[in-house]
Amino acid sequence: MAVQNRKERERADRHRRIVAVARELAEDQGWDAVTTRRLADRIEYSQPVLYGHFPGGKDAIVAAVALEGFAELTTTLRAAVADTGPGHRAAVAALTSAYLAFAALHPATYTAMFDLAALPFARHDTPAPLHDAFAVLRDAVGPGASGDVAAGPSGDPDRHAELAWATLHGLATLTRAGRLPPDGAEDRIALTVDLLAPA
């Protein structure tokens, strides 16, 4: 039993190391630089060992990075909302800033989360980290967060969360692509708060 536990721990450690090195390489040089050969060389495992952990190769590794990214995003957003005082607008402002900062600090991970990994969104088989991130958004921006179900045409917290996610993702994506001038960032955050949490 002890030997089996040790082997499971070692396997889990290898798995984490592969994901960490892939993410580091992608953040440094972009996803095109991440190949199974380069990963095997960097972590000093053979390619068969790497495929033993990720039979789907690079696609499976990208998906693992994306899931880790969603878990980290959830933690980041929860901390941001928890650090605010009472008030719906304060929570939405903190969440907006934290979301955009996460996307800016982890561009390759963010790309994996939304563009590269074939993860199912809004379905019965959606992975838990995606559900968790959506739940934080829903709790912060849903009409029930302020006690005002008349905050928009729909009192459905999921619809508010969908709008919030679409808005934040659009801002993050356009900013990373250089399509929005950097000197308007604070104004865009304030306008986003007005949109998602009207006074």
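In which helix does Ile189 lie?

A: Ile189 lies in helix H10. This is a predicted model, in which local features need pLDDT of at least 70, side-chain atom pairs count only at pLDDT 80 or more, and totals for chains, interfaces and linings use all residues. Residues are numbered from 1 along each chain as its sequence is written, and side-chain values use heavy atoms, with hydrogens and water left out.

First, the setting. The protein chain has ten helices and zero strands. Helices here are DSSP runs of H or I with at least four residues, strands are runs of E with at least two, and both are numbered from the N terminus. Read along the sequence, the pattern is α-α-α-α-α-α-α-α-α-α. The C-alpha trace spans about 60 × 45 × 30 Å along its principal axes. The chain has 199 residues, and 39% of them are buried. Buried means under 20% relative accessible area, exposed means over 50%, and partly exposed is in between, with a 1.4 Å probe and protein chains only. Contact means heavy atoms within 4.5 Å. Among contacts between residues at least 6 apart in sequence, 64% join residues at least 24 apart.

Now Ile189 itself. Its relative accessible area is 23%, so Ile189 is partly exposed. Leave aside the neighbours within four places in sequence, and Ile189 touches Thr96, Ser97 and Leu100. Take Ser97: it is 92 residues from Ile189 in sequence, yet their C-alpha atoms are 7.0 Å apart.

H5 covers residues 88–105 and H10 covers residues 185–196. Their axes come within 9 Å and cross at roughly 130°. Axes are lines fitted to C-alpha atoms, for helices over the stretch in contact, and angles run from 0 to 180 degrees between N-to-C directions. H5 and H10 are therefore oblique to each other. Under 35 degrees counts as roughly parallel, over 145 as roughly antiparallel, 65 to 115 as roughly perpendicular, and the rest as oblique. The crossing of H5 and H10 is right-handed.

Who makes the contact? On the H5 side are His88, Arg89, Val92, Ala93, Thr96, Ser97 and Leu100. On the H10 side are Ile189, Thr192, Val193, Asp194 and Leu196. By class, they divide into six nonpolar, four polar and two charged. Ala, Val, Leu, Ile, Met, Phe, Trp, Tyr, Cys and Pro count as nonpolar, Asp, Glu, Lys and Arg as charged, and the others, Gly among them, as polar.

H10 also meets helix H9, residues 157–176. Here the axes come within 11 Å and cross at roughly 170°. H9 and H10 are therefore roughly antiparallel. Their crossing is right-handed. H9 contributes Leu163, Ala164, Thr167, Leu168 and Leu171, and H10 contributes Arg188, Thr192, Leu195 and Leu196. This contact has six nonpolar, two polar and one charged residues.

Thr192 deserves a stop. It lies in H10. Its relative accessible area is 5%, so Thr192 is buried. Beyond its neighbours within four places in sequence, Thr192 is in contact with Thr96, Thr167, Leu168 and Leu171. Of these, Thr96 is listed in the contact of H5 with H10, and Thr167, Leu168 and Leu171 are listed in that of H9 with H10.

Now look further off. The C-alpha atom of Arg37 is 43 Å from that of Thr192, and the two residues are 155 apart along the chain. Arg37 is exposed, on the face of H2 turned away from the buried side, and Asp41 is exposed there too. H2 covers residues 36–43, with Thr36, Leu39, Ala40 and Ile43 buried. Seen down the axis, these buried residues fall within an arc of 100°, so they line one face of H2. The arc is that of the directions from the helix axis to the C-beta atoms. In general, an α-helix has 3.6 residues a turn, so residues three or four places apart point the same way.

Glu44 follows H2 and has a positive phi, near 60°. Glu44 sits in the loop between H2 and helix H3 (47–53). With 70% relative accessibility, Glu44 counts as exposed. Most residues other than glycine have a negative phi.

Definitions and conventions. Left-handed = near helix turned anticlockwise from the far one by under 90°.
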